[in-house]
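Reader: I would like a close look at one helix pair. Could you then carry on from there to the rest of the model?

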Amino acid sequence: MENGQDVVISVKNLKTFFYSDQRCNRAVNGVSLDIRSGRTLCVVGESGCGKSVTAASIMQLLPRLARIEEGEIVYRTGDARGDIRIHELRRNGRTMRSLRAKDIAMIFQDPLTALNPVYRIGGQIAETLLAHERIRKKEARRRTIDLLHAMGIPQAEKRADQYPHEYSGGMRQRAMIAMAMSCAPRVLLADEPTTALDVTIQAQIFDLIDRLRRERNTAVMLITHDMGVVCELADDVAVMYMGNIIESGTAREVLKTPAHPYTKALLKSIPILGRGAGQDIRPIRGSTPDPYDRPKGCQFAPRCDYRREACLALDERRELPPEERIEGAHMARCLFAREVIRDGT
Amino acid sequence: MAKFILKRLLMFIPMVLVLTFLIFGALELTPGDALTYMLDSEALAMMPPEQQAAIRESLGLNDPFFVRYFKWLGELLGGNFGYCLASGRPIKAILGDVVPATLELSVAALLISTFAGSALGLVSALRRGSIADNALSVAGVIGLSIPQFFFGMLCILMFALKLGWLPVGGRLQPWMTRYVDHLRFLILPACVLGISMTAGVMRYSRAAMLDTMNKDYIKTARSKGLPEWRVNIVHGFRVSLTPIIVLVGFRLPTLIGGSVVIESIFQWPGVGMAFKKAVTAQNYPLVMIIALLMVLMVLIASLLIDMLTRVLDPRVKLQ
Amino acid sequence: MLFSQKARFNRKLDRMRDAEFAGTAKRRRVRNRALRKMMNNRLAMVGLFVFAAIVLACLFAPVLTRYNPETPNLKSTLKPPSLEHIFGTDKIGRDVFSRILYGGRISILVGLGGALGASLIGAAVGSYAGYRGGWFDRITLRLSELFMAFPQLVLVLMLVTIVGQSMRNIIIIFVVTGWGSVYRQARARMLSLREEEYVQSLKAFGLSDFRICYKHMLPNAISPLIVNTTLSTAMFILEEAALSYLGLGIPLNIPTWGNILNACQDMYTLLNGWWMWLPVGIVISLFVMSINFIGDGLRDTTDPSQQG
């Protein structure tokens, strides 16, 4: 393995549950993934499958009525601090706070609501710098303007003194990225950063994120529901469904030779921008189960074309299909993974 | 900002004109006129009717309504507010005495209630569901429900009579040399005047904070690794401040109106007490002028609050 | 302290989780969401209880006390509470308890009457203004702004000066000064309801504006108005008390809660005659508090933004 590919964050069997009104929702139900420096890991899945919760768990930004039940999240600092076990840290304690923005940074979906409306952009970026580095205000201001400029915001000097509502959508997201990257973090978690933006702006933002990754060897975890983006940007892919990763591996492995019926169906059901007309689109039959009323065994079984008796056995034992290792890093949670691969697209 | 102020002032003027018209109309509806104001009832009874009519004519009392209105308005703008029936002093002088007192009381009550109310609301919101939160909620309802004058009586009994910490009433005493000396007299009336405002601000501040803390930018602030206090106050409370200030603006009329009762209890020589005395004595011109004055005070205060809102929230567009 | 709070919180979550997986997680028992919320709101229930208790006590005054609230008895003045007189007697020998009960009738009547009247007028004018728009809306809006710029007490006192003090006058004055806020609310509701589809279809059917506005749209806007009326009652009771306390409200010969306090303004009574003013003040506070609790409960129930 090359140097640039070290595992920076290692998540093993993470379970995060949400509590409300006497009910318990297993939003993340046993997720394992690795985020490597210099590589983009795309986490794909439908709304509600648990992708954002996974990112929030890594940053310990869960709401009050949610907690990490089991599993580990280990951050390999690569310096004197050694390996930090994030899941054991106090949520807003000093260690966790020192990691946020400085080691692990996050950007969110809607930059308009994610930025504080009453403070200037420059001030909000400088706030991050001043919180983590021992510099003076003047220095922070200078670096803020440099950051804005580096992110492609024109007239950075003037723009730094403006408010979020005076920016356009794309510029706001660039400002958020500037804020996130200000302390040069080793990991960037991007939670659907372009869903709220126009398609043309989307491309620009992804270019920016990719450029930053290459320049600084940042580890990027990109959450998205857009397979087109995955095809373009991903180095590694993890496909999530109902709180589990049902398939993971390098982008080539997963996209070219999907090993899970869900991934296969997903690839078939979405038109990919740029592939032209005449694509054979088939929606996945059935609908996503109610999280409070889940299938007993394999979560995808009710909608699966490969469903067989062996799957019923899993239902009885109330177990998920085990992780089936195909070559290298390619994994799928399906009893018939190899058959799925053999059947092709 | 200057444009904003100018625009608002322009909107003021028609409203104030209509107000003066209403006030004058109200004055017309009260029994008596300038002649009865100048002479007492005995002298009036002794004066022959032709003489009364002649004097009325000469005073312009028989002119049509609008002529008299504009004359009156002209006098007002020229600074002549008429004379007090009882003492004969020019009303302007009386107002000059009492307005500063009420301003002092109102500003003090406003500051106390805004600060205390928002701070308590903040604490309530951050410790949501705790004993402190529930206790403050109940205290808030009590504060809204208790009649202000009753609360005043309780405070006088407790703090002035029983404990003797604070004086019972009045504002200025002959022995005072420095300004700070008389602050002791200000504490009790200001707190009592502000009690219902404090309760209202506290409830609203709690609701505004809870609403703000759910917003996305709070999550962003945490994700930047900021300490909790900074997230709560710099990001959370600061944004909630705008709706709180707007609420304070809405409750200003009640605050100024409350001064009528509170000043009477504490013998605070301000506009409110003058108003009450005027109403009791059926001193119609004074009643109407003071009413007009109080409305003006409310309007000016609202303008100031609007300006403050504009400063606090850059999203507010000038209308 | 923090440790144990956190530990308790975590244990509670553990219980919820285990119940969920054992399949024993609770399902909703009471179907009706509104009823459930109301029942959950214990404060509102307490408020209702206290409110009913006081109203009934005032209504059944002749049963509860044999004293006449207005006849003086100079032989037993300033007597502290005893078995004879539950709350003692006042400066001219009148039984305080009976004055509170009979006075309550007037105070509650004035408060409720004012609130209902103001709501009726405010709702009627506001709905039509919001629905129609045009010159009617503009004029009434300016008018309401004008009225609302006055501190209410000042406006009331101004009107009292002009028309004089009497119970009927006070209620009318309350209605005249209080219609503004209900007007605003009704108008705002109408403005948003106006765009709904059923309004368009009713118009297409040729129904007159009056019918559409009052028969079909207003019922949808009723809930916030009811909450507003409840809270207004509280406000008017406080206002009547303040007015009568100053001696400028209901004439002093008719007992009301505020009037009783009017005679207690001096230092001596404050210190030595606590039974003359403390019980009345507490009764007023409790009554208004109960109304506030009920109003809050109603607001929680009818607010569509709250989730069950």
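**A helix pair and its surroundings**

Author: In chain B, helix 6 passes helix 9 in a right-handed crossing. Helices are DSSP runs of H or I with at least four residues, strands are E runs of at least two, and both are numbered from the N terminus.

This is a predicted model: local features need pLDDT of at least 70, side-chain atom pairs count only at pLDDT 80 or more, and totals for chains, interfaces and linings use all residues. Residues are numbered from 1 along each chain as its sequence is written, while chains are lettered from A and ligands numbered from 1 in the order in which they are written.

Back to the pair. Helix 6 of chain B covers residues 91-126, and helix 9 of chain B covers residues 183-213. They pack at an angle of about 35 degrees, with axes 5 Å apart. The axes are lines fitted to C-alpha atoms over the stretch in contact, and angles run from 0 to 180 degrees between N-to-C directions. The contact has 20 nonpolar, 9 polar and 3 charged residues. Here Ala, Val, Leu, Ile, Met, Phe, Trp, Tyr, Cys and Pro are nonpolar, Asp, Glu, Lys and Arg are charged, and the others, Gly among them, are polar.

Stay in chain B for a loop. B:Gln267 sits between helix 12 (252-265) and helix 13 (271-280) of chain B. Its phi is positive, about 55 degrees, although B:Gln267 is not a glycine. Most residues other than glycine have a negative phi. B:Gln267 has 13 C-beta neighbours inside 10 Å, so it counts as partly exposed. The rule counts other C-beta atoms, placed from the backbone, within 10 Å: 20 or more is buried, 12 or fewer is exposed, and in between is partly exposed.

Chain A has a loop residue of this kind. A:Ala101 is not a glycine, yet its phi is positive, about 70 degrees. A:Ala101 lies between helix 2 (94-99) and strand 6 (104-107) of chain A. With 26 C-beta neighbours inside 10 Å, A:Ala101 is buried.

Now a helix in the open. Helix 12 of chain A spans residues 309-317; of its 9 residues, 0 are buried, so it lies largely in the open. A:Arg318 follows helix 12 of chain A, with a positive phi near 50 degrees.

Chain C has 13 helices and 0 strands. Of its 308 residues, 43% count as buried.

Technical notes:
Left-handed = near helix turned anticlockwise from the far one by under 90°.
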